[in-house]
Amino acid sequence: MEGVITVFGCFLVHLTLGSFYSFGNMMTYMVSYMRKHGLPDLTYGEFIVVNSAWGFTQGIVTPFSGFIVRLIGLKRAIFLGCAIFSIGTATTYFTLDSGNLMLVALTYGVTQAFGEVIALIPPMTIAMSWFPEKRALVTGLVVGGFGGGSFIWNQVQTAIINPDNIGVVDEYFEDEELLNRVPTVMLILAATYLSIQCLVMFLIQVPEDLEQSGEEEKETFKSFLVNVLKTALTRKEFY
């Protein structure tokens, strides 16, 4: 039963992280809002830089995410990544009013992606360790949350921002009441993500053998870093 609850918790982690793939839905509202608050000529084509920042950050951070997980452990990595992801969402509340597209790319793109990359793999590792003979099945269940995130959060975002299904005017939303809800939804979503992510910390349990293995790897990795630094700092070539 503990393993089943853990897999469910891992699924919920991925469900929150997968919310970024509702980007296409949020983009229509975010661009329309920013056109009324500092960037009147902003287009959807220009706003794609936020999505590009996300993808770029994924590519840069992913090779190092394994080191972070080894250094702090699986559950801490999940919590750290989720917290950063939620912070990226919450701080977009402020950057939307900045009139600076690069700041939005930093919070909604770079920060969210950085957190997502750190928290993405540990849930799968933990889930597979509970069911070693059904690895493909449990991995599929967990990743299903990532894929389903866009469907779930699309509905939530629309229900908050545009419950009356108000249409666009010349490709962009103009209704003031609708637009005023756009920054607020960032705080609501961030609070919802973080609440779910805190809950799963109680649901997810790391098997003892995996935890022991992780501690051994952590000590080995720390020793490796210390030796590298010692070697580098004692060589004149370093200076």
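Which residues in helix 6 and helix 8 meet?

1. Basis. This is a predicted model, in which local features need pLDDT of at least 70, side-chain atom pairs count only at pLDDT 80 or more, and totals for chains, interfaces and linings use all residues. Residues are numbered from 1 along each chain as its sequence is written, and side-chain values use heavy atoms, with hydrogens and water left out.

2. Confidence. The chain has an average pLDDT (the predictor's confidence in each residue, from 0 to 100) of 88, and 87% of the residues score at least 70. Helices are DSSP runs (H or I, at least four residues), numbered from the N terminus.

3. Helix 6 with helix 8. To take up the opening question, W153, V156, Q157, I160 and I161 in helix 6 meet R181, V182, V185, I188, L189, T192, Y193 and I196 in helix 8, contact meaning heavy atoms within 4.5 Å. These residues divide into 10 nonpolar, 2 polar and 1 charged. Nonpolar covers Ala, Val, Leu, Ile, Met, Phe, Trp, Tyr, Cys and Pro; charged covers Asp, Glu, Lys and Arg; the others, Gly among them, are polar. The axes of helix 6 (residues 135-161) and helix 8 (residues 181-203) come within 10 Å and cross at roughly 140°. Axes are lines fitted to C-alpha atoms, for helices over the stretch in contact, with angles from 0 to 180 degrees between N-to-C directions. The two helices are therefore oblique to each other (under 35 degrees is roughly parallel, over 145 roughly antiparallel, 65 to 115 roughly perpendicular, the rest oblique).

4. Helix 4 with helix 8. Here the axes are 7 Å apart at an angle of about 170°, which makes helix 4 roughly antiparallel to helix 8. The contact residues comprise 16 nonpolar, 5 polar and 1 charged.

5. Helix 1 with helix 5. Helix 1 and helix 5 (residues 101-130) pack with axes 9 Å apart at about 160°, and are therefore roughly antiparallel. Their contact residues divide into 11 nonpolar, 3 polar and 2 charged.

6. Aromatic pairs. The whole structure holds 13 aromatic pairs. The ring centres of F8 and F11 are 6.4 Å apart and the planes lie at 20°, so this pair is stacked. Rings of Phe, Tyr and Trp (its six-membered ring) pair if their centres lie within 6.5 Å; planes under 30 degrees apart are stacked, over 60 edge-to-face, the rest tilted. F8 and F11 are 3 residues apart in helix 1 (residues 2-17), and so about one helical turn separates them.
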